[in-house]
Amino acid sequence: MPPPDFKGLALQAVGSSVDEKGVKGAGNVKGVAIVRLGVDVPYEQAWTLQRRLHARRAADEISDLCLILEHAPVYTAGKRTLPHERPVDGTPVIDVDRGGKITWHGPGQLVCYPIIRIGDVVSYVRVLEEVLIQVCADFGVTARRVEGRGGIWVPGDPAHGLPDRRIGMIGIRVSGGVTMHGFALNCVNDLSWYTRIAGDDAGVTSLAAETGRRITVDEVIPFAGKRLAEALGEEPYDLYEEDLA
């Protein structure tokens with residue numbers, strides 16, 4: 001099956017028409033750097049790095065990049081999180097400056113933080129949704145958008161009492177035309193972590209649960225980097241964290 005045509009989405013999401021003082025359009029940059037940060041990365045550490053790189057991208061000191069990692073177990077709450085949605089057992093939660101509600105990150109879950117210049121926020125979210133859908137398809141899992149619900153879902157089967165199951169999450173922040181935060185994809189993580197989130201009766205799943213085989217984050221990373229770059233109309237290339245300095 002030929003790869004999907006992302007060009008229409010890419011043109012809406014990234015372009016040289018962004019009006020920023022002293023900043024060149026992202027259309028002049030043809031590559032997106034894929035930076036692997038490893039596993040068990042503390043959330044605060046990655047968040048600090050994001051903020052630093054965001055400021056540099058906004059100042060046009062660096063080009064588009066994407067941080068890819070697995071976090072140490074953590075719950076984070078976006079701006080739309082309501083008090084009753086926090087874990088009922090007092091589990092610590094980090095309040096963050098992204099959109100969306102509360103979620104979990106941890107081992108076995110792929111997390112991608114694109115730090116890129118965009119032209120339209122809605123189109124950018126659609127791009128990330130399509131990236132998640134295509135990565136799932138790369139592993140034989142059908143996923144889709146569900147109207148009125150955030151993230152990406154594996155379709156249920158009402159005839160057999162099987163609900164839609166969330167497999168991918170999106171939560172972003174855009175400041176100065178540059179993105180932070182991003183998306184997460186459940187690969188082989190322990191899904192019981194989600195049971196601590198109060199008021200969330202949505203089903204959750206992972207690539208491993210849907211396919212019946214262990215699919216690690218390391219297996220998924222190359223596909224995620226490739227699909228993201230395709231969606232942005234750029235070429236992916238690897239960059240070491242130490243080369244960001």
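Colleague: Where is His105?
Modeller: In this predicted model, His105 is part of strand E5.

Colleague: Buried or exposed?
Modeller: His105 is buried, because its relative accessible area of 7% falls under the 20% cut-off.

Colleague: What does His105 touch, apart from residues up to four places away in sequence?
Modeller: Its contacts include Tyr43, His71, Pro73, Val111 and Ala184.

Colleague: Where does Arg98 sit?
Modeller: Arg98 lies in the loop that joins strand E4 (93–95) and strand E5 (102–105). Arg98 is buried, with a relative accessible area of 6%. Beyond its neighbours within four places in sequence, Arg98 contacts residues including Thr76, Lys79, Thr103, Arg173 and His181.

Colleague: Changing topic, how much space is in the largest pocket?
Modeller: About 930 Å³.

Colleague: How many residues line the pocket, and which lie nearest its centre?
Modeller: The lining has 39 residues, and Arg80, Lys101, Gly150, Gly151 and Arg166 are nearest the centre.

Colleague: Which element gives the largest share of the lining?
Modeller: E9, with five residues. Elements that each supply at least two include E5, helix H3 (121–138) and strand E10 (178–186).

Colleague: What is the make-up of the lining by class?
Modeller: There are 16 nonpolar, twelve polar and eleven charged residues.

Technical notes. Residues are numbered from 1 along each chain as its sequence is written. This is a predicted model: local features need pLDDT of at least 70, side-chain atom pairs count only at pLDDT 80 or more; totals for chains, interfaces and linings use all residues. Side-chain values use heavy atoms; hydrogens and water are left out. Helices (H or I, at least four residues) and strands (E, at least two) are DSSP runs, numbered from the N terminus. Buried means under 20% relative accessible area, exposed over 50%, partly exposed in between (1.4 Å probe, protein chains only). Contact means heavy atoms within 4.5 Å. On a 1 Å grid over the protein atoms alone, a cavity is a set of points where a 1.4 Å probe fits but cannot get out, and a pocket is an open set with protein on both sides within 12 Å along at least five of seven lines; lining residues have an atom within 4 Å of a point. Grid points are joined across faces, edges and corners, and a volume is the space filled by probe spheres set on the points. Ala, Val, Leu, Ile, Met, Phe, Trp, Tyr, Cys and Pro count as nonpolar, Asp, Glu, Lys and Arg as charged, and the others, Gly among them, as polar.
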